[in-house]
Amino acid sequence: WMKRLILIGIILAVAQQTTGINVVMYYAPTVLEDSGLTRSASLLASVTVGIAMIVFTVVGMWILGLMGRRKMMLLGFSGVAASHLGLLVSYLLPESTLRSYLILLFMLLVTAFMVTFLGTTGFLVLSELFPLPIRGFAMGASLGGLWVANSTISFLFPILAESYGSLAVFSGFMVLNVLAALFALRYIPETKGRTLEELEVELRNRYSGVVPAGR
């Protein structure tokens with residue numbers, strides 16, 4: 001059951017990267033310039049994304065004290081998926097300044113949902129999920145998975161976008177986030193306000209079929 005828990009942690013860490021946040025962080029100027037904005041406007045818009053990350057981090061810290069971790073994760077993955085859907089619709093519109101700013105708007109929404117609901121809960125949930133005997137190794141394995149996913153997505157995005165177009169790439173992100181929401185719904189318990197011992201008992205029993213998932 002501990003091996004399964006480590007695998008869940010790795011998948012959860014990887015899912016943080018499949019939100020597409022790295023594409024927004026690393027390639028926002030390129031994406032916006034390709035959408036029709038001038039180079040100077042796309043660079044200025046990228047600064048807006050950076051400012052939004054700071055603001056939504058503060059908002060996420062505030063919400064963290066009010067809402068359960070599991071609910072925040074479900075809202076985060078669902079919101080990111082919906083934002084990618086908005087990007088898809090925007091890319092289908094005729095080229096115009098409005099289309100470019102709609103793409104920027106939905107990129108900001110991806111950032112908002114990721115930073116507010118997922119960035120604040122990702123490693124917090126992992127730290128509360130793993131029992132003490134495996135916490136060091138499990139956190140290290142999860143972090144390794146996160147950076148492998150980060151590197152892979154960052155490397156492949158420009159190649160895939162050039163070969164298949166941004167529409168196909170953002171469609172992939174939308175699907176991945178729907179799958180991540182379903183994964184969190186099925187496998188991630190609520191950890192807020194619970195001791196490590198309580199969670200260990202629940203998780204041990206859950207993988208023996210005693211405790212229903214999501215309780």
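**Figure 1. Lining of the second largest pocket in the predicted model.** The residues that line this pocket are T18, T152, I153, L156, F157, L160, Y164, A168, V169, G172, F173 and L176. A pocket here is an open set of points on a 1 Å grid over the protein atoms alone, where a 1.4 Å probe fits, with protein on both sides within 12 Å along at least five of seven lines; lining residues have an atom within 4 Å of a point. Its space is about 170 Å³, a volume filled by probe spheres set on the points. Helix α7 contributes the most to the lining, with 6 residues. Helices are DSSP runs (H or I, at least four residues) numbered from the N terminus. By class, the lining has 9 nonpolar, 3 polar and no charged residues; Ala, Val, Leu, Ile, Met, Phe, Trp, Tyr, Cys and Pro count as nonpolar, Asp, Glu, Lys and Arg as charged, and the others, Gly among them, as polar.

**Figure 2. Lining of the largest pocket.** About 250 Å³ of space lies in this pocket. Of its 16 lining residues, Q16, Q17, I21, M114 and L146 are closest to the centre. The lining comprises 10 nonpolar, 6 polar and no charged residues.

**Figure 3. Contact of α2 with α7.** N22, V23, Y26, Y27 and V31 in α2 meet N150, I153, S154, F157 and P158 in α7 (heavy atoms within 4.5 Å). This contact has 7 nonpolar, 3 polar and no charged residues.

**Notes.** Residues are numbered from 1 along each chain as its sequence is written. Local features need pLDDT of at least 70, side-chain atom pairs count only at pLDDT 80 or more, and totals for chains, interfaces and linings use all residues, while side-chain values use heavy atoms, without hydrogens and water.

Methods: Helices (H or I, at least four residues) and strands (E, at least two) are DSSP runs, numbered from the N terminus.
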